[in-house]
Amino acid sequence: MDRQQIQRRTVGTLMAANVFGYAGFVAVAAVVALLSSEMTGNDSIAGIPAAAATLGTAAAAAPLAQRSKRLGRRIGIRTGYAIGVIGCGVAFVAGQLGMFGLLVVAMIAAGMGNTSNLQNRFVAADLADEDKRARSIAMVVWVGTVGAVVGSPAALWANRVGTGLGAEEWVSPALLGALGFGVAGLIINTTLRPDPLEVAGGIDPDASRHNPVQGAVQALRVVWPNLSARLAIVVMAVSQMAMVAVMTMTPLHMKDHGHAELSTIVIAVHVLGMFGLAPLIGRWADGFGRIRSVQAGAVTLGVGTVSVVIAGYVPALMFFGLFLLGVGWSVALIAGSALLTESLPESERIAAQGLADVAMSLLGAAAAFSSGFVKTAVGYEWLANFATMAAVLILLGAVPVS
């Protein structure tokens with residue numbers, strides 16, 4: 001096969017894996033705050049397992065990137081999915097036994113599985129032509145729509161079936177998570193051949209083995225002097241923070257108004273916004289530029305967060321606002337990923353890509369962890385207002401590069 005044929009095969013494989021990988025992760029993530037609330041009776045700490053998941057994604061990002069650098073993308077990606085399977089299995093046990101601490105640990109592992117979902121977008125860029133890089137990334141992001149949108153309603157179905165069979169409330173979706181991650185890992189292991197990083201000449205079996213902190217510091221030294229690369233990471237990380245904070249507490253906010261089950265559909269619509277328009281966003285980012293895309297994404301994200309508070313609690317505005325929040329995040333992810341990839345030489349990209357996912361996940365973890373406390377202290381509306389401020393920060397940050 002020539003390079004273009006390998007790229008098409010690679011993108012097809014990544015798309016198939018992301019369908020199942022995102023279905024697995026969303027099935028768990030969509031209900032974990034509800035599960036936590038049921039287990040503890042305390043909404044203030046209900047965001048902690050979601051924070052643990054994003055912390056797990058951060059913890060795995062640099063080691064999996066280093067593993068890919070040494071051994072190839074296939075081995076790095078499948079490792080993350082395998083850890084995700086274990087995490088979801090343990091989450092089911094933790095929920096059944098009412099062990100909140102074990103649930104937090106399990107969600108760390110589930111978040112590590114989601115690291116593979118995220119890193120797949122960079123794999124799509126390994127062999128992509130420069131003028132098609134954003135749309136290649138976008139196709140892999142977009143197809144997650146199928147799995148992610150199905151994952152949330154499927155979690156509701158699994159919960160009903162599970163409770164009917166005697167399982168605890170909101171525990172059974174963890175089994176869907178294990179299934180999704182398992183199928184995704186199997187797809188990567190069997191069909192991501194030849195390894196795109198090997199074809200691109202990017203594998204280095206003698207690459208040094210850094211611990212996560214050392215790897216992140218080394219990558220930061222590469223990224224910091226590069227204004228475009230630095231902006232790309234800030235855009236992705238800050239938009240992740242804003243999105244996670246609002247998304248995590250939306251089910252509990254709707255539960256407060258008697259719409260707990262409706263919240264699963266709102267999250268599905270939100271996830272549709274995150275992934276559904278990705279092909280169009282990718283083409284727009286390739287044709288009109290990364291910076292203009294970043295600015296448009298910040299505005300979209302801000303409109304979404306303003307919408308959920310502009311008229312108090314209105315279910316229709318929850319759908320609209322969460323959808324726009326997802327779209328804004330999607331623009332930031334796709335344009336930011338393309339900007340980061342093309343701002344650095346090939347030898348430095350993988351480390352910087354790992355750093356980007358570390359930054360995204362750490363800020364996402366901080367947002368998820370604090371979201372419950374912020375909601376309890378000052379209300380969901382102020383949580384959304386803080387996310388709006390983050391969107392303004394992105395918009396201002398893009399000005400010097402435009």
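This note sets out numbered points on selected helices, aromatic pairs and core residues of a predicted model.

1. Helix α7. Helix α7 spans residues 173-191. Its 19 residues reach 27 Å from the first C-alpha to the last, close to the 27 Å expected at 1.5 Å a residue. The buried residues of α7 are Pro173, Ala174, Gly177, Ala178, Gly180, Phe181, Ala184, Gly185, Ile187 and Ile188. Their cover includes α1 (3-29), α4, α5 (100-123) and α6 (133-164).

2. Thr191 in α7. Thr191 belongs to helix α7. Its relative accessibility is 29%, so Thr191 counts as partly exposed. A polar atom of the Thr191 side chain lies 2.6 Å from the backbone oxygen of Ile187, and Ile187 is itself among the buried residues of the helix. Leaving aside residues up to four places away in sequence, Thr191 touches Arg9 and Thr13.

3. Aromatic pairs: Tyr81 and Phe181. Two aromatic pairs are found in a search of the whole structure. Tyr81 and Phe181 form a tilted pair, with 6.2 Å centre to centre and 40° between the planes. Tyr81 lies in helix α4 (residues 73-97) and Phe181 in helix α7, so this pair ties together parts that are 100 residues apart in sequence. Both Tyr81 and Phe181 are buried.

4. Aromatic pairs: Trp382 and Phe386. Trp382 and Phe386 also form a tilted pair, at 5.6 Å centre to centre and 45° between the planes. These residues are four apart in helix α16 (residues 380-397) and are therefore separated by about one helical turn. Trp382 has a relative accessibility of 41% and so counts as partly exposed. Phe386 is likewise partly exposed, its relative accessible area being 40%.

5. A charge over a ring. Which residue lies over the face of Trp224? Arg230 does, at 4.7 Å from the ring centre.

6. Helix α4 and its end. Helix α4 has 25 residues and reaches 37 Å from its first C-alpha to its last, close to the 36 Å expected at 1.5 Å a residue. Just after this helix, Gly98 adopts a positive phi of about 70°. Helix α4 carries Tyr81, and α4 is also one of the elements covering the buried residues of α7.

7. Asn114 in α5. Is Asn114 buried or exposed? At 8% relative accessibility, Asn114 counts as buried. Asn114 lies in helix α5, an element that is included in the cover over the buried residues of α7. Not counting residues up to four places away in sequence, Asn114 touches Tyr22, Phe25, Thr57 and Phe181.

8. The largest nonpolar core. The largest nonpolar core contains 116 residues, and those with the most contacts inside it are Met107, Phe275 and Leu340. Helix α10 (residues 227-256) supplies the largest share of this core, 16 residues. Met107 touches Val28, Val32, Pro49, Ala52 and Ala53, again not counting residues up to four places away in sequence.

How values were computed
Residues are numbered from 1 along each chain as its sequence is written. This is a predicted model: local features need pLDDT of at least 70, side-chain atom pairs count only at pLDDT 80 or more; totals for chains, interfaces and linings use all residues. Side-chain values use heavy atoms; hydrogens and water are left out. Helices (H or I, at least four residues) and strands (E, at least two) are DSSP runs, numbered from the N terminus. Buried means under 20% relative accessible area, exposed over 50%, partly exposed in between (1.4 Å probe, protein chains only). Contact means heavy atoms within 4.5 Å. A polar contact is a pair of N or O atoms within 3.5 Å; within protein, one must be able to donate a hydrogen and the other to accept it, and residues adjacent in sequence count only if both atoms are side-chain atoms. Rings of Phe, Tyr and Trp (its six-membered ring) pair if their centres lie within 6.5 Å; planes under 30 degrees apart count as stacked, over 60 as edge-to-face and the rest as tilted. A charge sits over a ring if NZ of Lys or CZ of Arg is within 6 Å of the ring centre and within 35 degrees of the ring normal. The expected span of a helix is 1.5 Å times one less than its number of residues. A nonpolar core is a set of buried Ala, Val, Leu, Ile, Met, Phe, Trp, Tyr and Cys residues joined through side-chain atoms within 4.5 Å.
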